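I opened my notebook to look up a few places in a protein model.

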Amino acid sequence: MFSKMKKPTRHILTALSLCLTLALVMEMAPVRADEAFDQKVAANGTNFVKLSDDEKTDFLLFGSNAKYADGMQGRWKMLTKAQVQSVKSNTSATAVFGDFGYSLWSSNQNFSTYKDGELLFDKGISGIDLKLLAMGYGIKWNNTNTKTQLTAIDKTGAKARTTSHAFENSHYYFSDIDDEGEEVEPLLKVKDGTFSLRVGQEKATQTTSHQWKNDIKALQIDTVTTATQKPDVVFDVVDGNTQEEYVLSDIVDAGQYRAEFAYYNSSNEPVTAEVEGVKLSDVLAKRKISLASGDTIYAVDDRGTKTQLKSSPSNYLLAYQGATQTEGSAPEELTSNSEFCLFGPGSTEAAVRMNNIYSVTITRKVTPAPAPAQVTKPKSTKILKLTKKKRTITVKWKKISGVNGYQISMATKKKGKYKVIKTVTKAGTVKYTKKKLKKGKKYFFRVRTYKTVNGKKYFSSWSAIKYKKL
């Protein structure tokens, strides 16, 4: 067919045919790798998946100066429900918590507590020796400047803290008030797939019922310098002059998610982060902290450096564990000088991943006070008539609309000192009678209106003066 056409026509058709073929090939070609990665980058902060009941933390163990647990800096251990339910012996306990070279399991332990004038008993129980567990995780307590206290949090969120130093002082089981006592170690009681805290008494009449904390979801082991020192805080929200403090269980309880973030590092290499954590919006909501339009929120790291968040807190994940992988390299476990890294929207590492985060600061938008309303003076009135009768004079004035009332003042000389003798609080009242006046004297009157705005009275000018002689 082409042979019968002129050369220019054949060339044009050939070019068109090549363009059509190229277009079809491009349409059928797969999306380039960098385009697929950019699609992941664009989804940062939106692809959160809530952990199922089987995946999320059922029990949290946190040690304020632990060194060898699983969490960032080796300070915490998170257990799923299946792991908690698996603990039934020393073998299963060491499988979950770790083999520290000694038996964590204690059997047939007895505990007592004094309550309402009598001893209560928990006998023959089995569980994990907390002192040995703490030792295995590198928690120090046995020096003159450090004490150890336990905070147990039950399934309702209620917290109970030991009043004595759990690993320092001797604790006992008492069979009766006169018993000298049998020394016991604090125990993580295991029964029916749940953990409970048991701590002995220091004396037979000590009330330690609050240390019999049942069905707990978290246990915090804090080394402190004073008996009243509060549990170790891992995160703060500074909102103006208010500071909300969170222990680790507060964060974990807010709601756990899995998320993927993608970004380019400083060498422009693609990096993917698979992390678990809690939405920043849920952390704020746990303490009923909300943001209004115009408020600004900053992430603060261990050096005090503040990074402004450019998106909603619901697009940020406070990550407590995970891994990052640079294209072509092996995955690297997430690390931090704090317990958290903060991940959010963006395309660069500086925007997406904020390391070593200890707190967020909220700066509230300052709304200028509204300008005071401009109030015009009410319209003035005039005296219509003065009427005398015996020792009284009745003043009658013109009714004015849009006012709340009237004031009448009187003097005995036209240029004398006028005194307000009546404030009329009804706008419909247009006369007033002044009584107990003296015969033969002149009395001078004037009237003004007023209206009330935001609790304040605004007055008109005085009317022209009129007088009457008795």
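These are my entries, grouped by topic.

**Ground rules**

I am working with a predicted model, where local features need pLDDT of at least 70, side-chain atom pairs count only at pLDDT 80 or more, and totals for chains, interfaces and linings use all residues. Residues are numbered from 1 along each chain as its sequence is written, and side-chain values use heavy atoms, with hydrogens and water left out.

**Salt bridges**

I looked up salt bridges (a side-chain nitrogen of Lys or Arg within 4 Å of a carboxyl oxygen of Asp or Glu). The count comes to 17.

I noted Asp53 and Lys56, joined by a salt bridge with N to O at 3.2 Å. Lys56 is partly exposed, at 34% relative accessibility. For such words I use these cut-offs: buried is under 20% relative accessible area, exposed is over 50%, and partly exposed is in between (1.4 Å probe, protein chains only).

Next came Asp70 and Lys77, which form a salt bridge at 2.7 Å, N to O. Are the two partners buried or partly exposed? Asp70 has a relative accessible area of 47%, so it is partly exposed. Lys77 has 10%, so it is buried.

Then I checked Asp250 and Arg287, whose side chains meet in a salt bridge at 3.1 Å, N to O. Asp250 lies in helix H6 (residues 248-253) and Arg287 in the loop between helix H7 (280-286) and strand S17 (296-301), so the pair ties together parts 37 residues apart in sequence. Helices (H or I, at least four residues) and strands (E, at least two) are DSSP runs, numbered from the N terminus. Asp250 is buried at 8% relative accessible area, while Arg287 is partly exposed at 24%.

**A positive patch**

Which residues gather in a patch of positive charge on the surface? I found Arg391, Lys413, Lys435, Lys436, Lys438 and Lys441. Patch members have over 30% relative accessible area and no salt bridge; like charges are joined within 9 Å, and nonpolar side chains (Val, Leu, Ile, Met, Phe, Trp, Tyr) within 5 Å.

Lys435 sits in the loop between strand S27 (431-434) and strand S28 (442-453). Lys435 is exposed, at 56% relative accessibility. Lys436 is found in the loop between S27 and S28 too, and is exposed at 73%.

**Positive phi**

Most residues other than glycine have a negative phi. Lys436 is not a glycine, yet has a positive phi of about 60°. Asp215, in strand S12, has a positive phi near 50°. Asp215 is partly exposed at 33% relative accessibility.

**Buried spots**

In helix H4 (residues 90-97), I listed Ser92, Ala93, Thr94, Val96 and Phe97 as buried.

Gln201 is in the loop between strand S11 (194-198) and strand S12 (213-224). Is Gln201 buried or exposed? Gln201 is buried, at 0% relative accessibility. Its side chain reaches the backbone nitrogen of Thr113 at 3.3 Å.

Ala273 lies in strand S16 (residues 270-279) and is buried, with a relative accessible area of 0%. I also looked up its distance to Thr433, 160 residues apart along the chain: the C-alpha atoms are separated by 88 Å.

Note on methods
Accessible areas come from the Shrake-Rupley method with a 1.4 Å probe; for residues, only the protein chains shown count as cover. Lys and Arg count as positive and Asp and Glu as negative; His and the chain ends are not counted. The place of a charge is taken as NZ of Lys, CZ of Arg, CG of Asp or CD of Glu. A polar contact is a pair of N or O atoms within 3.5 Å; within protein, one must be able to donate a hydrogen and the other to accept it, and residues adjacent in sequence count only if both atoms are side-chain atoms.
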